[in-house]
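Have the structure open as you read along.

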Amino acid sequence: MKYYLLVFSGIYMVAVIVFGILTTLLNIPNSGGVPTLLAAGFLTAWHFVNKEKRIPDDQEKIQLIWGSIACTFIVSALLVIIFVLATEFGEIIIAGIKIVPLWLLLVVTTVMVFIEYAIFYMAYGWFAKKCQEELHKKSRR
């Protein structure tokens with residue numbers, strides 16, 4: 001699973017950066033959270049099915065889901081650290097975090113984990129099955 005989590009992390013990092021640039025250039029509110037999760041989860045599931053020629057079994061699916069959730073937190077933290085170090089917004093971000101109550105951070109984090117779990121469950125389950133069906137159709141031609 002380590003390989004697929006590295007693939008996921010790479011896709012997720014690129015997707016976050018691309019969506020960030022697009023939202024900045026097009027001057028639209030940052031709505032890249034769910035699309036980046038969908039892109040990374042779906043592309044990783046597609047890659048898994050095409051390489052392994054099967055869908056993830058139940059244990060692999062659970063490892064992929066929880067591993068992907070962990071990777072989103074790690075990649076996001078790294079990108080925030082890079083952003084803070086590269087700009088003058090570090091003090092503002094730290095001050096903002098200090099005024100947010102801990103219980104609110106925990107609630108927001110819990111909601112994020114539930115959303116990510118649902119997206120990755122769909123990616124490594126339903127979408128992986130769709131990819132496998134397409135792979136079988138191509139092999140029959």
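Val16, Ile17, Leu79, Val80, Ile82 and Phe83 line the second largest pocket of this predicted model. Helix α3 gives the largest share of that lining, four residues, and both α1 and α3 supply at least two residues each. The lining of the second largest pocket is made of six nonpolar residues, with no polar and no charged ones.

Now to the largest pocket, which has a volume of about 700 Å³. Its lining counts 25 residues, and those closest to the centre are Tyr12, Phe73, Ser76, Val80 and Met112. Two or more lining residues come from each of α1, α2 (33-52), α3 (58-86), α4 (90-99) and α5 (102-140).

On to the cysteines. How many disulfides does a search of the whole structure find? The search finds zero. For cysteine 71, the nearest cysteine sulfur is that of cysteine 131, 19 Å away. That distance is too far for a bond, because a disulfide needs two cysteine sulfur atoms within 2.5 Å. Cysteine 71 is buried at 12% relative accessibility, and cysteine 131 is buried too, at 8%.

One last stop is threonine 23, in helix α1 (residues 2-25). Threonine 23 is buried, with 9% relative accessibility, and its side chain reaches the backbone oxygen of glycine 20 at 3.0 Å.

Key:
Residues are numbered from 1 along each chain as its sequence is written. This is a predicted model: local features need pLDDT of at least 70, side-chain atom pairs count only at pLDDT 80 or more; totals for chains, interfaces and linings use all residues. Side-chain values use heavy atoms; hydrogens and water are left out. Buried means under 20% relative accessible area, exposed over 50%, partly exposed in between (1.4 Å probe, protein chains only). A polar contact is a pair of N or O atoms within 3.5 Å; within protein, one must be able to donate a hydrogen and the other to accept it, and residues adjacent in sequence count only if both atoms are side-chain atoms. On a 1 Å grid over the protein atoms alone, a cavity is a set of points where a 1.4 Å probe fits but cannot get out, and a pocket is an open set with protein on both sides within 12 Å along at least five of seven lines; lining residues have an atom within 4 Å of a point. Grid points are joined across faces, edges and corners, and a volume is the space filled by probe spheres set on the points. Ala, Val, Leu, Ile, Met, Phe, Trp, Tyr, Cys and Pro count as nonpolar, Asp, Glu, Lys and Arg as charged, and the others, Gly among them, as polar.
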